[in-house]
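Subject: Structure handover

Hi,

Here is the structure for you to look over.

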Amino acid sequence: MTPASRTESAAAVAEVAGYGDLALTLGLVEERLHEVVAARPGILSEAAAHLLDAGGKRVRPALAALFASLAGGADPANPAVVDAATACELVHLGSLYHDDVVDEAGTRRGVPTVNTHWSNTVAVLAGDYLLAQASQLAAGLGAGPAEVLAWTIGRLVEGEVLELSHLHDHDCTTGVYMDVIAGKTASLMGSACKLGAMVAGGSGAAVASAQEYGNELGTVFQIVDDVLDLVGDEKQTGKRRGVDLCEGVYTLPTLVALGHDPDDTLRKLLVAAPSEEQVEAAIVCIVGSGGVEFAIDVAAERLARCDALLGLFPDAPARGALQRLSRYVVDRVR
Ligand code: GRG
């Protein structure tokens, strides 16, 4: 991917947010990401730059930057804000490298994964390197931010482990699902918002509300992603429908449908390695049970909570930007 298209992915989020200062911070984050990743010559930097160059929406740096402005009135070029936002994207990126090994994924961000292009070994080590670079940036921001980042990495791992321990589990509960996504997705979005507010000198109450907003948005984000896996437009998502069902990952709509499956129709379709026909029939069953609608309703409730939390902050351009960003997340399934 060319540097021009790199700027486009950062620009896409800034455009939805409709807030010029955000584009400025995201531009600086982009430079910092490349600087930090290039620190070790050879295959480590090459592999670590692979997914970075492939794009991505940069949602987590955007959240950090917007809360730095909203909670602390930070300047968009504030180096601490840029480093906090960069560290969040590096943790996200590192987790994607490891996730692609766990899932044996072939493509990510429209390009071959590092595990496919090089090997599992290179992907795990490059992921480790990204986490190390993130930790170093956080340490430069002080003990508080370093602690937040370390805690977040632990939560990502916990969420992933909980998900893996319930693969192909027809009796998994929606409570377990909510715990999985709180760990694997919401925790990092919450920490991105928290770190932005923290390094900008926001009050304790503002830092706590920022984190809660990110947790809620992360929950919405993952529920929407999971709904799109079942009923999304394949051209839009770039993925085949029902990948989660094939992998035995039963998300909110599926778990709701499994709870209303008196004849075991869905259970019988959700076998260890379902055929394309079984996946299609399972999706029809899940939609018919009202599981998808239920999940969209849960996402909408959590979105309302996001709006309520933003109401605690003063009316400022960054607040409007966050409102637009959270609506955009849910509008992908409406
Ligand atoms: C060692 C940090 C670490 C983690 C290991 C593998 C694992 C444990 C955790 C995986 C966590 C994971 C992949 C959660 C899903 C998060 C998610 C919603 C990814 C997609 O995010 P987008 O849409 O992606 O923001 P882009 O590509 O736009 O950045």
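Predicted model: local features only at pLDDT ≥ 70, side-chain atom pairs only at ≥ 80, totals over all residues.

A polar contact here is a pair of N or O atoms within 3.5 Å.

For Lys 57, a polar side-chain atom sits 2.6 Å from a ligand oxygen atom. For Arg 109, the distance from a polar side-chain atom to an oxygen atom of the ligand is 2.7 Å. The protein buries 90% of the 740 Å² that the ligand exposes when taken alone.

There are 18 residues around the ligand. Those that come nearest are Lys 57, Arg 60, His 92, Arg 109 and Lys 184. By type, the shell divides into six nonpolar, six polar and six charged residues.

Which helices supply at least two residues each of the shell? They are H5 (79-102), H8 (143-164), H9 and H10. H5 gives the most, with five residues.

**Helix pair H9 and H10**

H9 covers residues 174-199, and H10 covers residues 204-231. The two pack at an angle of about 140°, and their axes are 6 Å apart. That angle makes H9 oblique to H10, because only angles over 145 degrees count as roughly antiparallel. The crossing of H9 past H10 is right-handed. In their contact, the residues divide into 13 nonpolar, nine polar and three charged.

Best wishes

Technical notes
Residues numbered from 1 in each chain as written. Heavy atoms only, no water. Axes fitted to C-alpha atoms, helices over the stretch in contact; angles between N-to-C directions. Helix = DSSP H or I, 4+ residues; strand = E, 2+ residues; numbered from the N terminus. Parallel < 35°, antiparallel > 145°, perpendicular 65-115°, else oblique. Left-handed = near helix turned anticlockwise from the far one by under 90°. Nonpolar A, V, L, I, M, F, W, Y, C, P; charged D, E, K, R; others polar. Near = heavy atom within 4 Å. Polar contact = N/O pair within 3.5 Å; in protein donor to acceptor, adjacent residues only side chain to side chain. Areas by Shrake-Rupley, 256 points an atom, 1.4 Å probe, with all protein chains shown as cover.
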